[in-house]
Structures are given as C-alpha cells and as structure tokens.
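Work through the two exercises below with the sequence and the structure in view. Try each task before reading its solution.

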Amino acid sequence: MTAMQEREEIAAKLLAFIRNSFLAGDPQGELTGDTPLLALGILNSLNTATLIAYTQEEFGVKVPLHDVSPENFKSVDSLSSMVHERRSTADA
Amino acid sequence: MTGPGSLHDLLIESAARTPGALAVDGPGGTATYAELDARAGALAGVLAARDVRRGDRVLVWGPKTPDTLAAMQAVLRLGAAYVPVDPLSPVARVVTIAREAGARVLCAPADLLPRVPDDAGELPVRVGTAARPGAPVRTTRVLTGRDEPAYILFTSGSTGTPKGVTISHGNALAFVRWAVTELAASPEDRFANHASLTFDLSVLDIYAAFSVGATVCPVPTEVAQVATRLVDFLHRHRITVWYSVPSVLALMRREGGLLDRPAPGSLRALLFAGEPFAIHHVRELAAWTGARMLNLYGPTETNVCTCHEVRPGDLTRGVPVPIGRACSGDRVWARTSDGRTAGPGEEGELLVSGPTVFLGYWGRPPQRGPYATGDRVRVRADGSFDYLGRNDGQVKVRGHRIEPSEVTAALHTHPEVLEAAVVALGDGLDRRLAAFVHRAPGSALGNIALRRHLARSLPPQMIPDEVHFVDELPRNDRGKLDLAALVAHHNP
C-alpha cells in the first residue's frame with residue numbers, strides 16, 4: 001500500500017469512528033476531512049480521550065503528551081497525518 | 001497590613017529572594033523566577049511603548065506558557081487589568097470579549113495574533129508575547145490601590161452576552177493570602193495548574209506559588225480532560241498541591257487508573273471546587289492518599305469564600321461533603337425566602353460579604369453590599385453549610401459554568417431554527433450539554449452546520465455535546481417549555 005492509500009484508510013476509519021461515536025451517525029454526511037473538530041465542539045474534552053484510546057487500539061499508536069495539540073486534533077486530516085507519521089516511525 | 005499591596009508584587013518579591021528557583025515548569029515551558037520576572041519586565045516595556053496605561057484592559061490570549069504568564073504580570077505592572085482568553089476560543093468570542101471589556105490591546109503569541117482580522121475594528125494594538133532579545137526591560141511598576149481592577153474573568157451570561165467579573169488587587173490578595181496560610185505553602189511546593197487561566201481556580205495555583213517562590217506546573221489546555229495524561233502529569237511533575245473541579249478527579253479515577261498506582265509521595269493536598277463531588281469518589285480518594293482534602297466553594301464573583309476540610313466523619317454520610325464555613329476573611333450567611341438569616345437546619349440563599357467580593361461586572365454598576373450567590377444552602381448544626389443547588393437555570397458541565405439561555409439565544413439566531421432548548425443531561429462525569437432543536441419546515445440544517453453557526457459566537461465548552469433534532473418540544477399544562485420533561489426523557 002502506498003503512503004497515500006495508508007493515510008486515506010486511516011482517515012476513513014477515523015471519519016467512521018467520529019460519525020458513529022460523536023455525531024449520531026452523521027445522517028447528512030456533513031463530516032469531512034477538514035471539518036474543524038475542536039472549534040465546533042465535536043471533539044470536546046471528554047471524547048478526545050475516547051478518540052485517543054481508539055487510535056491506540058485501532059492503529060497501535062500511542063499519542064505522546066506533546067502531540068495532543070490543537071494542531072494535531074483540529075481535523076480528521078491532521079489526525080490522519082499524525083497517526084500515519086507515528087505509525088511509520090514505529091515501523092522503521 | 002503586611003505584605004505586598006499589589007498582586008504583581010508577589011512575583012517581583014519572589015524573584016528578588018530566589019531568582020534561580022523554578023517559577024513555571026510544565027509541557028508548555030519552564031522559567032526561573034529571574035527569567036519570568038525579566039520577561040514580564042520586557043513585555044511591560046513593549047506595552048508601555050504602545051500606550052498601555054493605568055486602568056486600561058489588555059486581552060491576554062494564549063496557551064499556558066511562561067510567556068502568557070509573563071504577559072499577565074506585565075499588564076499588572078502598568079496598573080492595567082488583564083483579561084485572559086482561552087487559547088481554543090473562536091475569534092468571534094475574542095472580539096466580543098474585547099468589546100465588552102473595552103480593550104484596545106491584544107497580547108498573544110505570534111501564531112494567534114493574525115487570526116483576529118484587521119478589519120474587526122476591535123483590538124487595534126497587537127503585541128506578541130514571545131521574548132524579544134534586547135528589548136528594554138521596564139523595572140518600574142505602578143503601586144496599585146486595593147480597589148483597582150487586576151483582572152476580568154468572563155463568564156456565561158443569562159442574557160446571551162458574557163459578563164466580565166472584575167476582580168481587584170485586594171480581592172485576589174485576600175484569597176491568595178488565605179490559601180497560602182491554610183495550605184502552609186512553601187518554596188518546595190509544586191502546584192498543579194489544571195484549570196484554564198480564564199477560570200478562577202487558576203488564581204490559587206499561580207499566585208499561591210508566586211507568593212512563596214514555589215513552582216506552578218500548568219497542564220496544557222488540550223490534555224485537561226485526557227485522564228491518562230493527567231495521572232501521568234501528577235506523578236511525573238511530583239505535584240504537591242492539586243486543585244481541580246471534582247469531575248476531573250472522577251475522570252482520572254475512572255479512565256486514567258488514578259487509584260491503580262500508589263498515590264505520589266509528593267502529594268500533600270487535594271483541593272476541589274466548582275461542583276458537588278459524589279461522596280463515593282471522596283471515600284476512595286481518602287483511602288488512596290493521606291493528603292489533606294479540601295472542598296472549596298465560591299462563585300467567580302467572590303472566589304473561594306467557604307472551605308471544608310474532609311474528615312473521617314464526613315465519609316460515612318451519603319451526601320457530598322459540606323462546603324464548610326467562611327474563609328478568605330469573608331462573612332457568609334444564608335437568607336431564607338422571607339428575608340431572615342437562616343438558623344441551623346434551615347435553607348436559604350448564600351450571601352457573602354468581605355474582602356473577596358468583586359468590584360462588579362465590567363461596564364455595569366459597581367457591586368455594593370453583600371453578594372447574593374444564587375446558590376441554595378442548608379445551615380448545619382455547627383453553623384457550616386451544605387450545598388443544595390442553584391436558584392436559577394445555571395448549570396455546570398465539566399466544571400464550566402454555563403447559562404443554557406445563552407446557548408439557546410445563540411441557537412435562535414440561526415434563521416432555520418424555529419425553537420430550541422438547551423439542558424444539561426447526566427450526572428458527574430457523564431454530565432453534558434444537550435440542545436433540542438425544532439427546525440423550520442423544509443429545513444435540512446445539519447448537526448455540523450449548526451455547530452458552525454454556534455462557533456461564531458460561543459467558546460467550545462458552550463457548544464452542546466449533543467444536538468437532537470426534534471419535531472416538537474415538550475410543554476407543560478400552561479404551555480411553557482417543559483425542560484424537566486426533556487431531562488427526564490433523556491436521562492437513563
């Protein structure tokens with residue numbers, strides 16, 4: 001799988017998880033890769049923890065303290081990049 | 001009276017006594033007292049050159065770093081008042097607060113500054129908080145009077161606009177001195193700073209530390225609710241005094257394995273405030289640590305005005321621990337519905353008078369006489385108080401004080417919202433803000449579109465955790481919106 005495919009697969013899983021866990025399934029299909037998660041309160045302080053637990057379970061990526069930043073958590077796109085990067089470093 | 005007369009003297013005097021001691025130590029950066037003092041002095045010079053004068057208000061918008069803390073001190077040194085704004089707040093909120101506070105100057109790190117558009121009309125003066133090598137250090141400082149404003153904390157207002165709680169130097173110092181004495185704070189202490197800088201809990205963490213030359217360890221805003229990180233933080237930073245809302249301790253216990261590891265040997269005081277703490281959590285914490293546990297009480301308008309130290313006898317009660325008796329030099333009493341002072345066993349609204357009672361809401365008439373908290377209490381046999389609940393609709397969600405009507409007002413500004421109601425559902429850790437929205441006929445307004453609309457005027461903590469689209473809202477027999485029915489229907 002190419003790096004781009006990997007990243008797309010991570011993004012798809014994160015989108016599905018956030019839709020089902022925090023947006024009642026997102027019936028109107030509004031969530032996209034660049035939807036601001038923090039600014040819109042979709043990721044509130046509590047479910048951020050749920051999402052971190054999910055990335056650890058699903059992708060085996062432990063997010064260190066300094067990576068839990070508004071930059072990394074601002075959208076599914078930025079989250080996917082972070083997860084992908086961490087996974088590549090771990091594999092190497 | 002002994003000791004400093006201005007809040008900013010606390011840092012200045014500790015920097016003179018112990019320049020090499022660590023003032024700030026956290027993931028956002030570290031600084032010794034000398035470094036923090038120098039940064040505050042340099043920034044005071046920059047602000048003075050931009051015409052910041054005694055009595056002005058300056059917005060300080062930024063993460064919990066030494067630079068942000070230095071900016072707050074720089075503002076105070078000029079005799080101005082700082083207005084902290086949460087780093088995650090939307091730009092529209094920053095602009096609203098600037099307008100409400102009549103602030104002309106914004107102090108923020110370089111990455112946040114450009115987010116406020118130049119044509120906003122507010123905040124024409126923008127100053128970066130980063131240290132500038134070679135900037136002239138301003139060593140002079142204004143000796144403020146006790147009744148001059150030191151900072152303004154904006155809280156949710158029931159009318160839809162945030163209210164600026166204006167705290168004087170004297171207000172803050174009365175509370176900080178009490179806290180330092182009560183905790184017997186020493187230079188060896190390491191105070192966790194969990195709360196946002198916009199929240200009055202942070203005043204204890206920062207200024208009790210500055211009073212005695214101790215270290216404050218700020219928890220970054222983004223991890224403030226990530227349980228495993230918080231537990232890790234508590235151990236790694238060898239925290240001696242932890243102060244947070246109870247729901248955060250409950251979260252650390254339930255999802256962060258707080259009680260699975262032995263309590264850190266450093267921990268000597270566990271403080272909580274802001275909402276009632278379920279007694280079973282307190283029991284478990286008491287079994288886990290030998291640290292003192294203190295339940296503090298007080299609205300932002302008075303900061304902490306009562307305190308109760310948890311004793312073994314409290315743990316056998318089935319209800320939360322009492323809020324205790326008056327502290328910080330204040331006098332507190334309960335007023336019954338017929339206007340009498342409540343006696344033992346009676347209920348009433350808690351009133352506060354004394355040195356911590358705020359100056360007033362910014363831009364509104366000054367506070368005169370005792371402050372009526374809007375909180376219902378019962379007088380205990382020993383004269384201390386049990387907290388019962390609110391007189392009005394105000395709710396607390398994860399420690400944030402929220403007026404549901406302010407959120408409802410924001411929902412109603414969307415053209416496709418016919419009617420909306422906002423309630424808090426669940427208890428303790430599961431407490432969350434829920435919006436019920438009846439859309440106009442034919443509207444396909446979605447969850448995220450509605451959130452985008454709210455985010456233009458509300459900070460993230462006021463955006464509902466849940467949005468439910470409904471075909472009608474329940475009404476009681478008089479045709480009034482029946483919020484109790486909404487809550488009952490949706491609570492498990």
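Two exercises follow, each with a worked solution. The model is predicted, so local features need pLDDT of at least 70 and side-chain atom pairs count only at pLDDT 80 or more, while totals for chains, interfaces and linings use all residues. Residues are numbered from 1 along each chain as its sequence is written, and chains are lettered from A and ligands numbered from 1 in the order in which they are written.

**Exercise 1.** State how many helices and strands chain A has, and how its radius of gyration compares with the globule rule.

Solution.
1. Count the DSSP runs, numbered from the N terminus (helices: H or I, at least four residues; strands: E, at least two). Chain A has 3 helices and 0 strands.
2. Read along the sequence, the pattern is α-α-α.
3. The radius of gyration (over C-alpha atoms) is compared with 2.2 Å times the number of residues to the power 0.38. For the 92 residues of chain A the rule gives 12 Å and the model has 13 Å, which is close, so chain A is as compact as a globular protein of that length.

**Exercise 2.** Find which residues of helix 1 of chain A are buried, and where they lie around the axis.

Solution.
1. Helix 1 of chain A covers residues 3–22.
2. Count other C-beta atoms, placed from the backbone, within 10 Å of the residue's own: 20 or more is buried, 12 or fewer exposed, in between partly exposed. Ile10(A), Ala11(A), Leu14(A), Ile18(A) and Phe22(A) are the buried ones.
3. These residues cover an arc (of the directions from the helix axis to the C-beta atoms) of only 100 degrees, which puts them on the same side of helix 1 of chain A.
4. On the other side, Gln5(A) and Asn20(A) are exposed.

Notes:
The expected span of a helix is 1.5 Å times one less than its number of residues.
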